[in-house]
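Subject: The structure, and what turned up in it

Hi,

Here is the structure I promised to pass on. Have a look around first, then read on for my notes.

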Amino acid sequence: MTYVESTDVLVIGSGFGGAITAYHLAAGGAKVVVLERGPWLEAGEFDHDFKLGSSYTRAFDFVVGDGMSILGGNCVGGGSVVYFATMPRAPRFVFERHGSIGRRMWPASITRDTLDPWYDVVSEALPITPQRWEQIPYAGGLFAAACAHAGRTANPSPSAVDVGKCTNCNWMMAGCRFDAKRSLLLNYLPAALAHGAEIRPLHEVQRLTRHDDGSYRVHYRVVDDEDYRILHEEGAIDAKIVIVAAGSGATPVILQRSEADLGTMPHAVGRYFSGNGERLNTAVFNEDRVRDVLGLDRGDGVPYEAYQIGRGPTVASWDKLDGSLPEYERYSLEQLYFPPGLGTILAQVKDPSAASWFGVEKKEMLRTWKSWLTIFTMSEDDNEGVFGPPPETGNAHRMSQQMLGHGPLSYKPTKNTWRGWDLSDADVKDILERDGLAQVTPWTNDLIGAYTVHPLASCRIGDDPATSALDDTHELRGHPGIFVTDGSAVPGALTVNPALTISALAERAVPGIVKALQARGVAVTYGAPSPTGQSAARRPALNRS
């Protein structure tokens, strides 16, 4: 028999959308339970290797779809544990995008101006700080120098990293063992715990059902801590409000699987998925040309050979984030460290005579991996992703003990999406191949199709019920009491890293969720300080009348 508990608020997922809402609702006096599918890892458990069973495989969820693969966090803290902590604000033009629907995608109530105060709140809570040029690791400096040589600009990116603690080990993607990366493990989640919230790792939510009084029952299975293919006992928790923040690749799957019990889902659930227009190119630098053309030297006669030294992306070129450009021709280019594994497998060789990702030429390319530089494009896509029927359990059919699965997402890039990718590819080649500095090739799509670490928009907010799953309060249309606050709520590609925007939207959603709880008889208030103690008086006012 399934054991049933009860709570005021059940939060599915502990990434940005889940942790932020859990903290504020617990601090306001609500009883909050957070269910997280992945394990709970702390600094001492973050490994500097890629072995099976290390934090690298335990904390990630890599789901291969039809034409699109998604890499996301699978642990307490979600994507914040495995992200590179680059936290820019979305450009102003993003909020005016029409995309494929022929009308403004974002709700009328949300503009860059109205979201800026919420950006401010998150920026202070983590905190997020600018990086100075003297703090930029060598790979970022190389990209900046190449941009300058090509007549382009490059800037240090705002970051949620304490550079005083950072050792430039470049293992932050597997979790930061030095607590230099300001993940949610250091702010919102401990603050939620301090106010009585419960966080339960290795609990995978399967579906939701509804009671006659409008409350919900959340059904889960306990995941084996070593082999994620094995599900143990099942349970259920009753809640007055459910916040779904399982990630853009899992939230729509949970809701689709719940449709048989809850009734018809909005048309946009599991549709309009965006990969944030992401595209990767690998440049292999000629060390002699780096010395002769750019005049760089590390002091020991070596011009570069420092791909592995640093802390992920630190420098970006925003030359093409110009609102006067046509839609689909706007994008950012970001220097990125991608560790061995997928990064080395998917890098193509130059002018392959056979397969582009293995063989003699690839072996020679790998020999010079310290001279690599990965450039990451974030452009405007057409929201062309669609989720098919959900698997029986989870968000994917598990193919290995940890990390790897095959999911129901189908993604067929349109001509508009390809326009952005082609233009950005040409820009990268123009910058990095100029005067023989490097050879540039895009990552191959032969194995996994397009690829994203920033999935968005699979249950997006909007004003049009035909093309948005959520209203501007993040409440699921036709299903009062269910709110979605993760990346799936973002309407479309942002052309920059999305974590700060996801977080700002989650902060903005909390007052409306508080009102919904109050209407259901829960004695909860809004206005607690941020985890850093920021005064509630400085928080934005929100008119929900």
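How many salt bridges does the count come to? By the rule used here (a side-chain nitrogen of Lys or Arg within 4 Å of a carboxyl oxygen of Asp or Glu), the count comes to 28.

Before the details, two bits of background. This is a predicted model, where local features need pLDDT of at least 70 and side-chain atom pairs count only at pLDDT 80 or more, while totals for chains, interfaces and linings use all residues. Residues are numbered from 1 along each chain as its sequence is written, and side-chain values use heavy atoms, with hydrogens and water left out.

**Some of the salt bridges**

R132 pairs with E134, with 2.6 Å between the closest N and O atoms. To say how open a residue is, I use relative accessible area: buried is under 20%, exposed is over 50%, and partly exposed is in between (1.4 Å probe, protein chains only). R132 comes out partly exposed at 48%, and E134 is exposed at 61%.

Two other bridges sit inside helices. Helices here are DSSP runs of H or I with at least four residues, strands are runs of E with at least two, and both are numbered from the N terminus. D288 bridges to R291 at 3.2 Å between the closest N and O atoms. These two are 3 residues apart in helix α8 (residues 287-294), so about one helical turn separates them. D288 is partly exposed at 46%, and so is R291 at 33%.

R367 and E364 also meet in a salt bridge, 2.6 Å from N to O. They are 3 residues apart in helix α10 (residues 360-367), again about one helical turn. R367 is exposed at 59%, whereas E364 is partly exposed at 43%.

**Helix α4**

Helix α4 covers residues 112-125, which makes 14 residues. From first C-alpha to last, α4 reaches 20 Å, close to the 20 Å expected at 1.5 Å a residue (the expected span is 1.5 Å times one less than the number of residues). Its buried residues include L115, W118, Y119 and V122. Among the things covering the buried residues of α4 are α6 (188-194) and α12 (499-519). At the start of α4, a side-chain oxygen of T111 comes to within 3.2 Å of the backbone nitrogen of D113.

Where is E327 found? E327 is in the loop between β11 (315-320) and β12 (331-336). Leaving aside neighbours within four places in sequence, E327 is in contact (heavy atoms within 4.5 Å) with R97, H98, G99, E380 and R419.

K515 belongs to helix α12 and is partly exposed, at 44%. K515 and G436 are 79 residues apart in sequence and 61 Å apart in space, C-alpha to C-alpha.

How values were computed: Polar contact = N/O pair within 3.5 Å; in protein donor to acceptor, adjacent residues only side chain to side chain.
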